[in-house]
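Biologist: Hello! Could you walk me through how to read a structure like this one?

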Amino acid sequence: MELPIPNSLKKLWDAWNLQSCILISFSLQVILVLIAFLRKRTRSKPVLGLIWLAYLLADWIAPVAIGLISKSNCGRKGNEELMAFWASFLLLHLGGPDTITSFALEDNEFWLRHLIGLILQFLATAYIIYKTLPKNKLLVPTIMVFFVGTVKYVERTRALYLASLDKFGGSVLPEPNPGPDYEELMETYSSMRSVQVSTHVEVMPTPEVGTNIPKDSISTGKLGEPLDEMQLLQEAHRLFERFKGLIVGLLLSSKDRDMSRDFFLTITPNEAFRLIECELSFMYEVLHTKVVVIRCQIWYFLRFVSFIAILVALLFFLFKNQHELDHNVHKFDIILTYVLLGGALGLEALSVLMLILSDWTLIALKSSCSKLIQSIILKRRKWSGSISQYDMISYCLNGPPTWVYKLADNVGVGGILDKMKILYFSHSEKFRDDMKSFIFNELRLKSLTANNFRAAMDASSKRGDWALLQTSSYFKLKWSIEEYQYAESLLIWHIATELCYQKNKPSTHHSDDSSINHHRETCKLLSDYMFYLLKMKHIMMAPVLGNWKIVFQDTCAEAKRFFHKYSIWDNNVDARERILKVDAKYRPVAVKGSKSKSVFFDGCILAQQLSVLEIDKWKLMSRVWVELMSYAAINCRPNVHAQQPSRGGELLTFIWLLMNHLGLGTQFYQQERQAGAKMVPLK
């Protein structure tokens, strides 16, 4: 049974399907060139969604158009030569722009699929061109664009291969070193022993992972002096070359740890976060763009040849159009070809300009570049600079009725509905300088006390108890950390923070009001940020969460029952005030037993205990939140951290890299293996 499609619509599709696909393919290339680089600077879901859609459609629409051309029964009669010309442009589109080769890290692992696609599309395009021989009047420009398209597609496939985790991990290893020849050494040793010559062994230096870079000092200026933007960029590049092995789980040497730690202990919080921002930008570009492929002499030459080839193809087509094609080809097809040629030339020029204005070019030129150009390039933001916010009370009060959730669960889309609700009601806050200073100083203080590997690993394993130990309230509050798993402690402290934020507002007459309000706002921002991660990006906390979903659903169920009992539907302030009125004298596990995993009223008890503290509770709570965050950061899998720069960046990833630079990570080794030795007689 045929679908009731009008004949007029069928004829319209048969006449314009190829041209439509080509225009769409070209438009997608323009979108990717112009906005793909924005994904490391924004967390906007519409922008990221548009880039994702353009990326997927670009890989789909071009092969479809090549397939339509290869059938040879589409388009207008007499257009075979022009369609072969278009096929070369479609191969060029499949090569993609320099600004994006993969949308996610997983795309890099499919480099072999892209290699097969390259071979098949190359053969299909070559077949289309072959069918137009020997009478193809546009053979010269067609071959030129075909060559450029092949180069572009090879660039993309090679970039995907180099960014795959196996290949990337291999690139940070030192050169193989078998050590001295054992047989020769033993012969020497035996002969010396036979004549009783005293000898000693000279140990050769050990090549270190990630140190195949110049061995100059980590700092271009004197320690303690402020660094300008160019120096920060150079330091970030050196640090990236040394520490990029963290991404694939490699252990770095104690030399790298001590070098980085000593340097970071001397710089300011803003400099530290700016360094890490640049470092993560390098990570993004290596993993998701063509920067590694095109930054060598042969590819610079190929880029120049490609630009000239497209320009010559444009001039050649212009000549042919004026003398031979006017009466044989439809006017729209001529215009479309000019659009493809002009667009390819413009996008190629734009790609070259973006390469010239990149951070990598500044690193290569160093001080040769003018101060004006440096200031234009270096001032660009390299991440979103924001942290997402959401809280559990809003989560329990917001959203559709319960029956909608039940219906969604029955059809298997309950999780999607839940995420859509959070995306709608959540918001983002700017990551302020005072928060940078507080977090950096807390981690710096830990680093100063961690002078060896054991102390560093012990400091990294703390999830709030270290902050409590700095006060006289440790024994009173330690139950909220020691007696619960990480996810339970996080929810308890989150609920307590929400209640204290509502109850204990800073007094306008207090002499230290500014400091108290600073810690109060920091505490609230970190609490809401960690709750957002727990719900929306729990993969970043997966290694430490345990059975968090059971705890979370029981806690939310008890909270919703409580709000329903007092007819609280959508007022967060009323909800918090009602919770604060509960006289929680005894721990829930003593009253209700342990069948339910809810920690709702445990949070209430903690809030009451914090409210009566005589010390600055907001500073204490902020320090606990920094520990909870740093514990999640250092235990998150490195490849998950590597995914975040392409999504606008995450504060948790900044904390992970900052902790490693301060020597607080776990990916270091202390004993360096002996790589080589030689036996020398004593004089």
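Predicted model: local features only at pLDDT ≥ 70, side-chain atom pairs only at ≥ 80, totals over all residues.

Biologist: What is the average pLDDT of the chain?

Modeller: pLDDT is the predictor's confidence in each residue, from 0 to 100. Here the chain averages 86, and 88% of the residues score at least 70. Over residues 207-221, though, the pLDDT is below 50. Counting heavy atoms within 4.5 Å as a contact, that stretch still has 39 contacts in the model beyond near neighbours in sequence.

Biologist: How many helices and strands are there in the chain?

Modeller: Both are DSSP runs, numbered from the N terminus: helices are H or I with at least four residues, and strands are E with at least two. The chain has 34 helices and six strands. Among contacts between residues at least 6 apart in sequence, 82% join residues at least 24 apart.

Biologist: What share of the residues is buried?

Modeller: Buried means under 20% relative accessible area, exposed over 50%, and partly exposed in between (1.4 Å probe, protein chains only). Of the 683 residues in the chain, 53% are buried.

Biologist: Is D465 buried or exposed?

Modeller: D465 counts as buried because its relative accessible area is 16%. D465 lies in helix α22 (residues 465-469). Leaving aside residues up to four places away in sequence, D465 touches Y474, I481 and E627.

Biologist: How many cavities of 30 Å³ or more are there?

Modeller: On a 1 Å grid over the protein atoms alone, a cavity is a set of points where a 1.4 Å probe fits but cannot get out, and lining residues have an atom within 4 Å of a point. Points are joined across faces, edges and corners, and a volume is the space filled by probe spheres set on them. The count is five cavities of 30 Å³ or more, and the largest cavity holds about 180 Å³ of space.

Biologist: Which residues lie nearest the centre of the largest cavity?

Modeller: Of its 15 lining residues, Q29, L92, K152, L347 and E348 lie nearest the centre. The elements giving two or more residues to this lining are α1 (7-35), α3 (80-95) and α14 (331-356). α14 gives the most, with six residues.

Terms used:
Residues numbered from 1 in each chain as written. Heavy atoms only, no water. 1 Å grid on protein atoms, 1.4 Å probe; cavity = no way out; pocket = protein on both sides within 12 Å on 5 of 7 lines; lining within 4 Å.
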